[in-house]
Structures are given as structure tokens and as C-alpha cells.
Amino acid sequence: MKIEHIGIAVKSLENANEIFKKVLGEEHYKTEAVELEGVSTSFFQVGDSKIELLEATNEESAIKKFIDKRGEGLHHIAFAVEDINAEIERLKNEGFEVLNDTPKPGADNKLVCFLHPKSCNYVLVELCQEIK
Ligand code: ZN
């Protein structure tokens, strides 16, 4: 495993892009909407890992709910896995609660699954497998 990316919930992708551009000294390399999740995302490369900024695009979006409840900030940590279905099975057997049993398409050409924050010291963990 490696840290594939760190997800940060933001109110404005435009503002956050400017801030992270200053921090990292580089532009984001892509912007992508994930309709299913009601989010618009942008990505910055940081060595082998990435920063994913997430802005809500509708009222039902989990990002909208998160920001309403807790404000902007760190939202999730994503670990890259080789075989997401095997990892889901393994973690369920270890007693972890997964938010989706079946991997779903995420941003940046990935299949993703989230572990319930209650299972992981109140950190939302994303597993992601590159779609080849
Ligand atoms: Zn993510």
C-alpha cells in the first residue's frame, strides 16, 4: 500500500486551487467531476501521492454535508491497493464496516471503496484501485 492521495473538502475549488498552487509551487494537473458523488475535484501531484480537493456540486453531496457539519478541511486518506475486492473481503473479515460492498467508480480512473470512519479512529479511509 501507499498513500494514493489525501482528500480535502473545500467550499470553493477555485480559491483552494490558488492556495494549493502557492503551497506546492505547481498548478493542479486536472479537474474532474464525479456526478455520482455530487463533487467536482482537482488534483495536485505531490511526489508519488496526490492532493484531491473536493467541492460539492449539489445539496445531497457528502462533501456539502461534511462542510455543513465540520467545516472545510481534511476529509479522507486514500490508500492504493492492487485488488480492491480482496481488500474489502479481508477488512470485512477483520470487522471493519465498509460504506460500499461493491467498489464504485471514483475520480482519476479509480475503483473506490470507503471504510466507515467509526471503524478507523474517525478517519474516513478510501481504498482505491487503478482501473487498467
Ligand atoms: Zn479520494
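A pocket, found on a 1 Å grid over the protein atoms alone, is an open set of points where a 1.4 Å probe fits, with protein on both sides within 12 Å along at least five of seven lines; its lining residues have an atom within 4 Å of a point. The model is predicted: local features need pLDDT of at least 70 and side-chain atom pairs pLDDT 80 or more, while totals for chains, interfaces and linings use all residues. Residues are numbered from 1 along each chain as its sequence is written, and side-chain values use heavy atoms, with hydrogens and water left out.

**Exercise 1.** Describe the lining of the largest pocket.

Solution. 
1. The lining has 32 residues; Ala62, His75, His76, Phe114 and Leu124 lie nearest the centre of the pocket.
2. Helix H2 (62–70) is among the elements that each supply at least two lining residues, and H2 gives the largest share, six residues. Helices (at least four residues) and strands (at least two) are DSSP runs numbered from the N terminus.
3. By class, 17 lining residues are nonpolar, seven polar and eight charged. Ala, Val, Leu, Ile, Met, Phe, Trp, Tyr, Cys and Pro count as nonpolar, Asp, Glu, Lys and Arg as charged, and the others, Gly among them, as polar.

**Exercise 2.** Determine which atoms coordinate the zinc ion and why their arrangement is irregular.

Solution. 
1. Donors are N, O and S atoms within 2.8 Å of the metal (3.2 Å for Na, K and Ca); water is not among the atoms, so sites may look incomplete.
2. His5 (NE2), Glu52 (OE), His76 (NE2) and Glu126 (OE) coordinate the zinc ion at 2.1 to 2.2 Å.
3. The angles here run from 83 to 168°, so the arrangement is irregular.
4. Histidine 76 is buried because its relative accessibility is 3%; glutamate 126, at 4%, is buried too. Buried means under 20% relative accessible area, exposed over 50%, and partly exposed in between (1.4 Å probe, protein chains only).

Notes:
Tetrahedral: all angles 85-135°; square planar, octahedral: opposite > 155°, others 65-115°.
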